[in-house]
Amino acid sequence: MASSYSAIALKTIWIKECTRFLRIWVQTLVPPAITMTLYFIIFGSIVGERIGDMSGRPYMEFIVPGLIMMSVITNSYSNVASSFFSAKFQRNIEEMLVAPVSTPVIIAGYVGGGLARALIVAVIVTLVSFAFVENVSINHAGILVLTVILTSTLFSLAGLINAVYAKTFDDISIVPTFVLTPLTYLGGVFFSVSLLPGIWETVARFNPILYMVNAFRYGFLGVSDVDVGVALGVIIVFNLAFFATAYTLLQRGVGIRS
Amino acid sequence: MKALSIKNLRKTYKGGFEALKGIDLEVAEGDFFALLGPNGAGKSTTIGIISSLVNKTSGEVSVFGYDLDTQLVELKRQIGLVPQEFNFNQFETVRQIVVNQAGYYGVPREVAHERAEHYLKQLGLWDKRDAAARMLSGGMKRRLMIARALLHEPRLLILDEPTAGVDIELRRSMWDYLIEINKQGITIILTTHYLEEAETLCRNIAIIDQGAIVENTSVKRLLTTLNRETFVLDMSRNDEQRIEPQLEGFTMRQTDDHTIEVDVEKSQGLNKVFEQLSAQDIKVISMRNKANRLEELFVDLVERGRANKPAAGA
């Protein structure tokens, strides 16, 4: 009985989250399409033609998986961060706190919303890429799907943790600006880390986003700078750590209970 | 069975402010109970702890026998909360808000839609079901919060200042609605600043001040302890001049040319006032209580409670 109550609560939070980002689709779904189109035009068509091949693939083809992953990361993160913080700010998080909704259900509901938005954006960006790349082939569909789900789950959890600590709207833009964007740009979206000189290649391997981009690229193109098994392992470990952190924070009521 | 039982409940906030200093409280099933107190007395903290929005420091709380520490899920199912401030998503529609709230309690979506229609119609919000909550008037928002709290059909409804900022007509219709659902068996606890509201609606009452219960009794019994009331009399006389009556044995204040306030002890009665005025050829045009009777008691109890406490640092 308790599990059916939880299933209904989870479905409710998920529908609420999806309704939210679909209601404001101009703010949530259109910008990634425009941004990625610009990336494809500038880095792919204009600059890319002069670069030539990267990891044995035409440059335009090489950056497609990285750009999709970049959209997945930013959208899953910002969806949960802004939604959860708004719920805190408007105090409608109390609707869930007074109800018998368990902490894992709250986390799963919000992560489910972030995942849904990330997957829709991934499909949109993939469709946009068709306009620029002639052959978008998928080499390992299973790894592709697993990577995108694990990555969006991870960044949804990260967005949730950010929102728990945030006290103002500025606090939920600091991490994307100062942490996510640099790590994403340095995470092998636009280049193979094997091009980096000596020590910098080693430093780049401490960047978790590198593993996500490369596992996803392996699913698409069959090429990767890192071992795919290691990459998936890293993503899973980060997921477990972030879930444990989010669970502990919500269970203790940090930022939401006096 | 007790709808609510609180034993030695304490809350100290970070920073050391002691909001509750070990309160005991019991509310019987089916009761209409008022929790009164001045601002910062501890009412909202108490309600916050019962509804698990605030973590208690120590003490025991149970609702219909379900313990806050060990049976939280079942305890939460018993309670419907109408908070003091609007805390719904202003961008969601009225229907979304109530249906989602039911979903959090595990009510299947189709049942939630049926109940939403029932309660929104009862509270006069059905015509606004697809309007965004931010478009509603203040009174409608209050009623929306009541509908939202009832969707999972709780046995205990807690209302924190439910009629704050609501006009008189709407307030009265909300009172009628609350009386009706109380008759149907829902136990109601409310906090209010309108003491007339507590006197009209509630059977039992607790007064809390500075984190301690200073009175806990029935409204009837409390009102019998009222020894003195102040009446405002509007007077007239044929000569239309300023009227300055003399009232022996009564404390009296003249507030304008034709109005006086008279303090009347329970043992004195009003007849003596009328007799003396009549003897001075003064007619009483109208008469009313200066303050709500409960208000006088409330102020008296709070002041007496504070006077009995040792001064800080003493």
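Which residue of β9(B) is the bridge partner of Leu35(B)? In this predicted model, the partner turns out to be Ala206(B). Strands of a sheet pair through backbone hydrogen bonds, either parallel or antiparallel.

Zooming out, β3 and β9 of chain B sit in an open sheet of six strands, and reading across it gives the order β6-β7-β8-β3-β9-β10 (chain B). The pairing in this sheet is mixed. At the two edges lie β6 (79-82) and β10 (212-218) of chain B, each of which pairs on one side only. Going from one strand to the next, the twist averages 15°. A helix also packs on this sheet: α1 (residues 43-50) of chain B touches β3, β6, β7 (156-160), β8 (187-191) and β9 of chain B. The direction of α1(B) makes about 145° with that of β7(B).

Chain A is another story, and the UniProt record is a handy place to start. An unreviewed entry there places the feature "domain: ABC transmembrane type-2" at residues 23-253 of chain A. In the model, that stretch is 76% helix and 2% strand, with its end C-alpha atoms 29 Å apart. UniProt (again an unreviewed entry) also places the feature "transmembrane region" at residues 21-42, 62-85, 105-132, 138-165, 177-200 and 228-250 of chain A. How do two of these look in the model? Residues 21-42 of chain A are 91% helix and 0% strand, and the end C-alpha atoms are 28 Å apart. For residues 177-200 of chain A, the figures are 50% helix and 0% strand, with 22 Å between the end C-alpha atoms.

Next come the helix pairs of chain A. Two packed helices are described by the angle between their axes and the distance between the axes. Helix α3 (residues 30-51) of chain A and helix α4 (residues 59-89) of chain A have axes that come within 10 Å and cross at roughly 155°. Angles over 145 degrees count as roughly antiparallel, so α3(A) is roughly antiparallel to α4(A). The crossing of α3(A) past α4(A) is right-handed. On the α3(A) side, the residues that meet α4(A) include Pro32(A), Met36(A), Tyr39(A) and Phe43(A), along with Gly44(A) and Gly48(A). Among those on the α4(A) side are Ile63(A), Leu67(A), Ser71(A) and Asn75(A). By class, this contact of α3(A) with α4(A) has nine nonpolar, four polar and no charged residues.

Helix α4(A) has a further partner in helix α8 (residues 171-185) of chain A; their axes come within 11 Å and cross at roughly 170°. These two helices are therefore roughly antiparallel to each other as well, and α4(A) passes α8(A) in a right-handed crossing. From α8(A), Ile172(A), Pro176(A), Leu180(A) and Thr184(A) take part, meeting α4(A) residues that include Met70(A), Ile73(A), Tyr77(A) and Phe85(A). The contact of α4(A) with α8(A) divides into eight nonpolar, four polar and no charged residues.

Finally, the two chains meet. Their contact takes 20 residues from chain A and 25 residues from chain B. On the chain A side, α1 (2-23) and α5 (94-97) each supply at least two residues, and the largest share, six residues, comes from α1(A). By class, the side of chain A that touches chain B has nine nonpolar, six polar and five charged residues.

Definitions and conventions:
Residues are numbered from 1 along each chain as its sequence is written. Chains are lettered from A and ligands numbered from 1 in the order in which they are written. This is a predicted model: local features need pLDDT of at least 70, side-chain atom pairs count only at pLDDT 80 or more; totals for chains, interfaces and linings use all residues. Two strands pair if DSSP finds at least two bridges between them. Helices (H or I, at least four residues) and strands (E, at least two) are DSSP runs, numbered from the N terminus. Axes are lines fitted to C-alpha atoms, for helices over the stretch in contact, and angles run from 0 to 180 degrees between N-to-C directions. Two residues are in contact if their C-beta atoms, placed from the backbone, lie within 7 Å. UniProt positions are given in the numbering used here, feature names are shortened, and annotations may be inferred rather than shown by experiment. Ala, Val, Leu, Ile, Met, Phe, Trp, Tyr, Cys and Pro count as nonpolar, Asp, Glu, Lys and Arg as charged, and the others, Gly among them, as polar. Angles under 35 degrees count as roughly parallel, over 145 as roughly antiparallel, 65 to 115 as roughly perpendicular and the rest as oblique. A crossing is left-handed if the near helix is turned anticlockwise from the far one by less than a right angle, and right-handed if clockwise.
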